[in-house]
Amino acid sequence: MIESLLVANRGEIARRIIRTARRLGIRAIAVHSEADADLPFVTEADEAVCVGPANPAQSYRNVEAILAAAKSTGAQAIHPGYGFLSENADFARTVEASGLIWVGPGADAITAMGDKINARNLMAAAGVPVAPGTTDPAADLDAAVVAAAEIGYPVMVKAAAGGGGMGMGVATDEAALRTEYDKVRSFAERMFGDGSVLIERYFPRVRHVEVQILGLADGRVVALGERECSVQRRNQKLVEESPSPAVSPELRERILAAAVRAGEAVGYRNAGTVECLLDPATQEFFFLEMNTRLQVEHPVTELVYGVDLVEEQLRVAAGLAPTFDPDALAPRGHAIELRINAEDPKRFLPGPGVIRTWVEPTGEGVRVDSGYVEGNTVTPFYDSLMAKLIVNGATRAEAIERAKTAVAAFELAGPKNNLPFFAELLKNEEFLSGDYDTGIVPRMR
């Protein structure tokens, strides 16, 4: 097993990775910005190195500073977490060229799946269902108009290099397409350095379902069930649950098999997620994208399948067999994750500040993965995620009741937070029925 691990991330995911590393007897090394010096992930690591000021480009995305920290601390491996450099193929290659172990998929897989058009084409060739759409970037506005007419309105206009729900727009007619195309292209150039745009069919009522895959050291790819991610604001997830209440046993078999084919098509190793759109009316699903990293919502899979995905990542990176039997994977019970963000619960606008009160809920079936403690400051420099409240139970109904109790017991004061939204959601009849889609949050507002 790896003996020393540098975690190239911050907040709750860095703390989460450090927790598993220390349980396994691995020396855990944190890197942090000046703004994060007092956060728990820094104090809980065996060693910590400041890699720059608050600006992520000068700290958490500063490749030279992170590699220097790895060298100075004698780190054997680097875990990138999610976000920042986690899906940067050049960083993965640089880490390995430096003689370090990269805890993630190979750079070639990251590259192959990082461009949405290339990924769509690869998946179609592998027999994975993809939504009707362009097989090449729409070179200009005229090409986008022609493509949209062939696909049929409404269409989704997407940044080919985007991710995390960013760089997307919906067009219901040509006039809207002309506006959205320019908007998405400009955003993509600014955010991703790549203005390539794809056009694909938009489904007005759709569910967002994803599959957790793990490429093992022996070359096999296995699926650890699916997660429902349809509770979203601005195309970004707020709640995840597993198993999905929309997925029947027959559909589960089909969607998991497709996800395994997706991983096999790119020789995938380590943890990844195959994201799909599900048409609840027809039970058809379509490949959306592949996240070549550990997901924010991985804890619901851990609770339902009884695995520590970070440990499995480390074992794959070290060339070791998994702790579980790949031929005997089966879900047990139900798990729900609520993302506790420092944001207004009505408009979901960021609301950073000093945490005056922070008391996490406890009890049977309750887990909290947090990045902060009382007295810390949530700064405006990073994502607004403060913690993940995860609950599990024997049934979905039991998990929901535990979530209600846990939300009510979570004492949080200082920054604006979305706990009131979750209290509202957990009483919402549409959510309680399990028959909801990605429009549930706008309908609640």
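**A guided tour of the predicted model**

Begin by selecting Asn235, which lies in the loop between strand 10 (221-233) and strand 11. The model is a predicted one. The phi angle of Asn235 is near 65°, a positive value in a residue other than glycine. Asn235 is partly exposed, its relative accessible area being 40%.

The peptide bond between Ser242 and Pro243 is cis, with omega about -5°.

Then select Phe348, in the loop between strand 14 (334-341) and strand 15 (353-354). Its phi is also positive, near 60°. Phe348 is buried, with a relative accessible area of 5%.

Proceed to Ile340. Together with Val231, Ile340 touches the most other members of the largest nonpolar core, which has 74 residues. Strand 19 (residues 385-393) supplies the largest share of this core, 6 residues. Among the residues that Ile340 touches are Leu385, Met386, Phe410, Leu412 and Phe422. Another core, of 28 residues, lies apart from it and includes Ala262, Val266, Leu278 and Phe285.

Now display helix 7 (residues 141-151) and helix 8 (residues 174-192), whose axes come within 10 Å and cross at roughly 135°. The two helices are therefore oblique to each other, and helix 7 passes helix 8 in a right-handed crossing. Leu141, Ala144, Val145 and Ala148 of helix 7 meet Glu174, Leu177, Arg178 and Tyr181 of helix 8. By class, this contact has 6 nonpolar, 2 charged and no polar residues.

Finally, select Pro154, in the loop between helix 7 and strand 6 (155-159). The peptide bond from Tyr153 to Pro154 is cis, with omega near 0°.

Terms used: Residues are numbered from 1 along each chain as its sequence is written. This is a predicted model: local features need pLDDT of at least 70, side-chain atom pairs count only at pLDDT 80 or more; totals for chains, interfaces and linings use all residues. Side-chain values use heavy atoms; hydrogens and water are left out. Axes are lines fitted to C-alpha atoms, for helices over the stretch in contact, and angles run from 0 to 180 degrees between N-to-C directions. Helices (H or I, at least four residues) and strands (E, at least two) are DSSP runs, numbered from the N terminus. Angles under 35 degrees count as roughly parallel, over 145 as roughly antiparallel, 65 to 115 as roughly perpendicular and the rest as oblique. A crossing is left-handed if the near helix is turned anticlockwise from the far one by less than a right angle, and right-handed if clockwise. Contact means heavy atoms within 4.5 Å. Ala, Val, Leu, Ile, Met, Phe, Trp, Tyr, Cys and Pro count as nonpolar, Asp, Glu, Lys and Arg as charged, and the others, Gly among them, as polar. A nonpolar core is a set of buried Ala, Val, Leu, Ile, Met, Phe, Trp, Tyr and Cys residues joined through side-chain atoms within 4.5 Å. Buried means under 20% relative accessible area, exposed over 50%, partly exposed in between (1.4 Å probe, protein chains only). Lists of a residue's contacts leave out its neighbours within four places in sequence.
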